[in-house]
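Keep the 3D view open while you read.

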Amino acid sequence: MTGSATTPAIAGTHSDTRGIWKRNQRALAPWVFLAPGIIMFALYVIYPIIASMWLSFYDWDGLGTRTWLGMQNYIELLDDDAFYTSLYNNIIWLVLYMLAVPAGLFIALFLNQTVMGIRIYKSLFFFPFVISQVVVGLIFAWFYAPNFGLFYNLIEWITGTGVAVLADDRYVTYGIIAAGLWPQIAYCMILYLTGLNNVAPDQVEAARLDGAKGFKMLWHVILPQLRPATFIAIVVTVIGALRSFDLVSIMTDGGPYGSSRVLSFYMYEQALSEYGFRMGYGAAIAVVLFAIMMIFISFFIWKMVRDERGM
Amino acid sequence: MFPRPIEHTAPATQVLYKLALPVALILWLLPLLGVAMTSLKPSSDLAQGNYFGLPSYLAFSNYADVFNNSPIGQYILNSFKVTIPTVIGAVAISCLSGFALAVYRFRMNLVLFFLFVAGNFVPFQILMVPVRDLTVSTGLYNTITGLALFHIAFQSGFCTLFMRNFIKGLPFELIESARVEGVSEFRIFWYIVLPLMRPAIAALSVLVFTFIWNDYFWATVLTTSAETQPVTAGLYSLNGQWIAQWQLVSAGSIIAAMPPVLMFFLMQKHFIAGLTLGATKG
């Protein structure tokens, strides 16, 4: 480091390319550092988003020529029952998935103690988040399995007749969401545990002296301090709900009779599965999902920009 | 501390709490425990309707069966071949871009930063068809390289967010004083900032390892054969072959879940530090 300390003075005396670099180093360096990231991100994320939007106006089987359809794909969507089923299921996912946030908070409060062995309890409670959704899906498929699944037998024991959750179009989506909630609650729990760790102890003590306790304390003193954790928990839960694909694919493949489809799965089915290679139509479904997500993403970004400016 | 420390409550409550802990844990992990137990049951147990009892003997042969009669060994190897280069690539790229966005003031800075953040949240399906086309046209379809390249690119969004916020938290005076001494920008990055980023690199590596190992969607979109498919996609096709042979499905699931689980328990501190970055400040 000491050797380079003298070079700027020398570089200033003659203007070769090295000199240009030296003089503009501060302005050029960020772009050099950013180049690999920008190139990769533009190629694999930005360009595909634009290309998908463009493709949604075409009819294309993935190999042959593309035929311009204009708004035709979107008009077809308006009349597509499977699309409405998927959209409706997405809304159910979104609403019920939000239960992960209070449930995660609840478990975090339960575990926020310092008794012996509590660290192991915390990590074991977090366990479901670490395993793949494929494995979670298989675990719950086994849990729900007719005749011998634990859940099936439990219901049979309580009500007299078992319910084959994954084969019944009334319950299937709820069954899959329950499987999805398992790792998601674990995720929210760990966010809140970290948040609780950083709650200012003097404020808690002061509130305690004022006679606050229990739910009142939680609502007026603790939760405001947990706001950053709550924000992240809501972001990851909303994104997780709208991204749900793995569990649907693993547990039911969209069935029975397409009743557990969500938009992400329906898109995949239209564009890439044995039901045909309707890339343009699939792209139109993806654009709708993207538009829904953009509502949330814009809100999150708006909030982050506001915080960033405030710093 | 909230809730009130359990040591300060009545002895009865303390006992109750210490009893509630293991009970709650068992209930919470019940599905997993069931699968772990099933994976050790001989198939005769299942045939005789012993679904919930203990195995009549520990049938480790299920695991041997899975390894011998299915390509799961190959799947696991493929998973490592996709995951490790992705971790290295995404972390390396994001060290650079995170540094650029944290240290320099230039007009596009915030725009680029939020582009990385937003890109990280988009639904995979909006990328699917073009990414698949791109991979096919570069001859990388159904290869480990093709899958890893996409993962590197996509993960660099989240990783840049992470690294940028981490570097922002470092003392900026270090960089200032190095500049006053005339140290070049690259040397500042390499000799001053990078050594301080070690905890972030560790946290991010563990996190990205888990994310990529557990990826299922892109594995099904970009790979098709047993020679290239990672274990998540492999498990899906094995599940189709092992209809109702739950002892095999269970053993396969446990095998597939092992590497990220070990990673988590070995690197727990880093893992949680990574996951919760940003959950405490804001």
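The model is predicted. Start with chain A. Its secondary structure comprises 15 helices and 2 strands. The C-alpha atoms occupy a box of roughly 90 × 75 × 30 Å along the principal axes. The radius of gyration of chain A is 26 Å, whereas a compact globule of 311 residues would have one near 19 Å. Buried residues make up 41% of the 311 in chain A. Now take the contacts in chain A between residues at least 6 apart in sequence: 66% of them link residues at least 24 apart.

Next, turn to the contact between the chains. Chain A contributes 86 residues and chain B contributes 85. On the chain B side, helix H14 (residues 246-266) of chain B supplies the largest share, with 10 residues. That side of chain B holds 58 nonpolar, 22 polar and 5 charged residues.

The crossing of H4(A) past H12(A) is right-handed. From H4(A), the contact uses Asn90(A), Trp93(A), Leu94(A) and Tyr97(A); from H12(A), it uses Thr237(A), Val238(A), Gly240(A), Ala241(A) and Leu242(A). By class, this contact has 6 nonpolar and 3 polar residues, with no charged ones.

Now for the backbone. Most peptide bonds are trans, and most residues other than glycine have a negative phi. Where does a cis peptide bond occur in chain A? One joins Gly255(A) and Pro256(A), with omega about -5°. Pro256(A) sits in the loop between helix H13 (246-251) and helix H14 (263-272) of chain A. Tyr257(A) also lies in the loop between H13 and H14 of chain A. Its phi is positive, near 50°. Is Tyr257(A) buried or exposed? Tyr257(A) counts as exposed because it has 11 C-beta neighbours inside 10 Å, and the cut-off for exposed is 12 or fewer.

Asn142(B) has a phi near 60°. Asn142(B) is in the loop between helix H7 (125-137) and helix H8 (144-168) of chain B. With 16 other C-beta atoms within 10 Å, Asn142(B) is partly exposed.

Methods
Residues are numbered from 1 along each chain as its sequence is written. Chains are lettered from A and ligands numbered from 1 in the order in which they are written. This is a predicted model: local features need pLDDT of at least 70, side-chain atom pairs count only at pLDDT 80 or more; totals for chains, interfaces and linings use all residues. Helices (H or I, at least four residues) and strands (E, at least two) are DSSP runs, numbered from the N terminus. The radius of gyration is taken over C-alpha atoms; the globule rule is 2.2 Å times the number of residues to the power 0.38. A residue is buried if 20 or more other C-beta atoms lie within 10 Å of its own, exposed if 12 or fewer, and partly exposed in between; C-beta atoms are placed from the backbone. Two residues are in contact if their C-beta atoms, placed from the backbone, lie within 7 Å. Ala, Val, Leu, Ile, Met, Phe, Trp, Tyr, Cys and Pro count as nonpolar, Asp, Glu, Lys and Arg as charged, and the others, Gly among them, as polar. A crossing is left-handed if the near helix is turned anticlockwise from the far one by less than a right angle, and right-handed if clockwise.
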